[in-house]
Amino acid sequence: MNQLHFQARWGYVGWLLIIALVFSGTAYGGNQVADGMKSITVSVWYRERMALPPGAEIRVSLEDVARMDVRSDVIATARFSPQTGPPWKFTLKYDAAKINDRGRYSLRVRIEVDGRLMFISTEHIPAFDRADGEPIKIMVSRVGGSRERQQSQLPKPGVSLTNTYWKIVEINDHSASLGAGQRELNMVLTKEEHRVRGFSGCNKFTGSYELNDNQLQFNQMASTNKACMTGMEQERQFLDALRSISRFNISGESLSLYRDKGQLTLHFEAVYMK
């Protein structure tokens, strides 16, 4: 009798487990189908009173920036060529299955003209902190400074790699933030001494460089040893990136530095002082 009773109870429990698994699997599959492709509404604008030149392209990307020590994971990207002035409102579609609780999702915007960076978003823009259907307004900033700042500077034709103040714009495909004391990260390569010096976010740094055509290598890098409340992680990324550089390219007033395998690592813009 005890064996029959046990078998009856086990059979009842077994059926419950099977039913639970079936329903849970159905629910899970239903969520996957229901999720599918989702979208984010974005509105891009800038303060400058100017029109974009012909050939301008706006690129918006949804990225997982949870890990600051590696290149961000791009979830989705949209590109379009504007036909009117700002603001530009459009929809970015993404696969909801690629979103998880461990991620930190941000939107990033670039405006390029013939491959040259012209505008970029400079702040972390959370992708999922708006009500459904409400557009996320993203302001992009003119690379090289505002119109007022540009008018106060003295542009020079033919930007040179050396003896130019280079302001960092991007590090490992992330928009660069201001360092301690709200100072911008920068570097200057002196032509006569073959030395490089600058501000890396918390500390000042110095070193030497070797230049051969478009080949560039930084050596003997050293920096002061201050500790700051902010900017330390970005500083480490910046200095590590400088040590890995093997090639450079200058387009207009933009400087791009590349690793051995051709990966764009650092992007600078020339700044002219009075």
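User: Let's start with strand S7. Which of its residues are on the covered face and which on the uncovered one?

Analyst: In this predicted model, Ile136 and Ile138 make up the covered face of S7, while Lys137 and Met139 form the uncovered one.

User: Which way do S1 and S7 run, and how many bridges join them?

Analyst: They run parallel, with four bridges between them. For a landmark, look at Ser43, which stands opposite Lys137 of S7.

User: What does Ile40 touch?

Analyst: Leaving aside residues up to four places away in sequence, Ile40 touches Leu62, Phe90, Thr91, Leu92, Tyr94, Leu107, Ala127, Phe128 and Ile136.

User: On to aromatics. How many aromatic pairs turn up in the whole structure?

Analyst: Seven. To read one, check the distance between ring centres and then the angle between planes: under 30 degrees is stacked, over 60 is edge-to-face, and the rest are tilted. Take Tyr46 and Trp88: their centres are 5.8 Å apart and their planes meet at 55 degrees, so this pair is tilted.

User: Where do Tyr46 and Trp88 sit in the chain?

Analyst: Tyr46 is in the loop between S1 and S2 and Trp88 is in strand S4, so the pair links parts of the chain 42 residues apart. Tyr46 is buried at 5% relative accessible area, and Trp88 is buried too, at 6%. Ring pairs also bring in Phe119, making a cluster with Tyr46 and Trp88.

User: What kind of pair do Tyr105 and Phe128 form?

Analyst: An edge-to-face one, 5.8 Å centre to centre with 70 degrees between the planes. Tyr105 lies in strand S5 and Phe128 in the loop between S6 and S7, 23 residues apart. Tyr105 counts as buried at 8%, whereas Phe128 is partly exposed at 39%.

User: Which ring does Arg183 lie over, and which does Arg247?

Analyst: Arg183 lies over the face of Phe199, 3.9 Å from the ring centre. The charged end of Arg247 sits over the ring of Tyr258, at 4.1 Å from its centre.

Note on methods. Residues are numbered from 1 along each chain as its sequence is written. This is a predicted model: local features need pLDDT of at least 70, side-chain atom pairs count only at pLDDT 80 or more; totals for chains, interfaces and linings use all residues. Side-chain values use heavy atoms; hydrogens and water are left out. Contact means heavy atoms within 4.5 Å. Buried means under 20% relative accessible area, exposed over 50%, partly exposed in between (1.4 Å probe, protein chains only). Helices (H or I, at least four residues) and strands (E, at least two) are DSSP runs, numbered from the N terminus. Two strands pair if DSSP finds at least two bridges between them. Rings of Phe, Tyr and Trp (its six-membered ring) pair if their centres lie within 6.5 Å; planes under 30 degrees apart count as stacked, over 60 as edge-to-face and the rest as tilted. A charge sits over a ring if NZ of Lys or CZ of Arg is within 6 Å of the ring centre and within 35 degrees of the ring normal.
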